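Here are my notes on the model, point by point. Have it open while you read.

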Amino acid sequence: MHGHAGHHDHTGNPDSMVLNEQQDGPGTSRSPHEAMGHGGHAGMSMAAMVADMRNRFLVAVLFSIPIVLWSPIGDAVFGLHLPVPFGWRADVWALLLSLPVIGYSSWIFFDGAVRALRARTLDMMVLVAVAIGSGWVYSLLVTLSGGGDVFYEAATVLAAFVLLGHWFEMRARGGANDAIRTLLDLAPPRALVIRDGQQVEIPTSEVTLDDVLLVRPGAKIAVDGVVEDGQSEVDESMVTGESLPVHKQPGSEVIGATINANGTLRVRATKVGADTALSQIVKLVQDAQSSKAPGQKLADRAAFWLVLVALIGGGATLATWLLTGSPFATAILFAITVVVITCPDALGLATPTAIMVGTGLGAKRGVLFKNAMALETSARIQVVVMDKTGTLTKGEPEVTDVITDSGISEPELLRLVAAVERESEHPLAAAIVRHADGQGLDTVRAQRFENVPGHGAIGHVDGHQVVVGNRRLLEREGIDLGALAAQRDQLAGSGHTAIVAAVDGVAAGVIGIADAARESSAAAVAALHDLGVEVVMLTGDNQATAERIAGQLGIDTVIAEVLPGDKAAKVAELQRDGRKVAMVGDGVNDAPALAQADLGIAIGAGTDVAIETADVVLMRSDPLDVPTALRIGRGTLRKMRQNLGWAVGYNTIALPIAAGVFAPAFGLVLRPEIAALSMSGSSLIVAVNALTLKRLRL
């Protein structure tokens, strides 16, 4: 949503070009309806705009059907010979039925054409308006002058087809501003501050610099600040992407919108309002989104020339037939037929059809494409950047190694350590307990449990004193690691968190804990390599942890220790040599990078912000769905190109027939309604071709 894939469709599809957001300048944008000349509806929500387009299409269909049934086509094709109500002439009845289609359904085309002409440009709105308007106005003049050949059915059927294309396209679009709102909602609405010795609850927006906040266990920290009193573990994953809670003590910096886990903290506010880390991330997302807008020029230029060819072709056809002495009715019939046949209606319907098949195919696999451009962009991706925590890894600590001294067995060590850790609330303790339970070990309770904040815990199990924690805790207890020191250093150096355990004052073992890779991550990387795509891992974690995961998964490039605000800049660096880059992430800290990338892919279990900012959402949180998304994109783009080839070939053959080139020699005349019908056939062919995409092997 957000030159990034969600903004611009460069396919040359008239329906998508009309509906794109268009930038008027820095920081301003016009809604799709404004861009279409949908006057007075600029403030509409996306849902309201989709409903409005659907209603216009339904009205056009509702009135086009009886117009066709009472037209010469109804007689010739269906053999109906229906009597006209009230004894009216058939053309008067058709005129009456066409008024809602022209006055309501097609009004956006006429309004958009006027806006385009005022801006001294030609776009698809002009072409559609000329095709519908000229056919209807000519028919109106014929009706008012006493009757004759009219083609109201051509004008109304054309309007219905183009509106159908618009409706399909708009259903795929989402509002970019939702991501910004979701980001801002992460900050708690109210904060508890201490003023004049009293606890006062105030709106977060009213927190000022140097206010002291009281943050209780389980509460969100309202603004950025420094801990003045208390110790706790803080979950910063939604902002930094760091999977493990971070220990905070007096002097530690904390980030707004992060969650305080277990202790009570007093925090002095150091950054408020627009200066907080969260607000800066919001600004980065906005900047990345708005910087992509100018990419519309190529599509606009293609539309300009296509419209120009159609209008000149229609005018030249009119002039040529008049110069040969033909009556005006014959000349205008050929001219309007040329304009109708040139309007790439088949493409306008078939491209959204291919897109809907592609998106439907993705949805069955839990791969949600948010817009048409996301599909096309996914077909061109050359580099996939993946966030580590929560994307390639599970995002939760897991026991990976248990190393014991010769004096104790691994099950016995785990049994004793788990007994102590059951009394602790620390996430690393929970990981050890899960691992012990998974081994089916006896559950015992620790006595005289003592929590040592920031270091570990001590307890007595079956008469043994058990000390579990970091190296500093053992040093405090006067316990020498001995031969286990080298094992502990090796684990720590390879990106693990090393937990040391001692029993009765003697070092007994080292437990390695790490954020484990997802089961399918290695297969996903291999599948991306099969597609010829380079894989880059981007993470805020330390280099050792990143290298460990990258080595397991066969990743090409590792960029570690990246600050949240710098992720978008790293993606931009990869884009500088013209490569198309996809970013896969799950956290708030990934949102700017998702917006910066050519294609943003959110892992479904991630935050609402990542999901809102991305173009593609993987609902199953499975990295294997990343190559699946790229394969669907490539298959869809292939169908779109085939459809484009058909449409060009169709126009090449149909244009001279429409212009009456073969009329003198062969008597081959293509009326506008027949042109509209042939366009329907063309649309059907490309739509059926799009449906064959369902056979794509994933």
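1. In β8, S232 has K248 as its bridge partner. The strands behind that pair are β7 (residues 232–235) and β8 (residues 246–248), antiparallel over three bridges. Strands here are DSSP runs of E, at least two residues long, helices are runs of H or I of at least four residues, and both are numbered from the N terminus. Two strands count as paired if DSSP finds at least two bridges between them.

2. Before going further: this is a predicted model, in which local features need pLDDT of at least 70 and side-chain atom pairs count only at pLDDT 80 or more, while totals for chains, interfaces and linings use all residues. Residues are numbered from 1 along each chain as its sequence is written, and side-chain values use heavy atoms, leaving out hydrogens and water.

3. β7 also pairs with strand β10 (residues 259–260), again antiparallel, through two bridges. There, V234 sits opposite N260.

4. Now the seven-stranded sheet, which is open and mixed, in the order β12-β24-β23-β22-β13-β20-β21. Because β12 (367–369) and β21 (557–559) are at the edges with a single partner strand each, one side of each has no neighbour in the sheet. From one strand to the next, the twist averages 20°. Angles run from 0 to 180 degrees between N-to-C directions, and axes are lines fitted to C-alpha atoms, for helices over the stretch in contact.

5. Inside that sheet, strand β13 (residues 383–387) runs parallel to β22 (residues 581–585), with four bridges between them. M386 is partnered by V584 in β22.

6. Which helices pack on the sheet? Helix α22 (residues 543–553) does, touching β20 (534–538) and β21, with its direction about 155° from that of β21. Helix α23 (residues 567–575) lies across β13, β20, β21 and β22, at about 155° to β22. Contact means heavy atoms within 4.5 Å.

7. Elsewhere, helix α5 (residues 90–105) packs with helix α7 (residues 124–144) at about 145°, the axes being 11 Å apart. The contact residues split into seven nonpolar, two polar and one charged. (Nonpolar is Ala, Val, Leu, Ile, Met, Phe, Trp, Tyr, Cys and Pro; charged is Asp, Glu, Lys and Arg; the others, Gly among them, are polar.)
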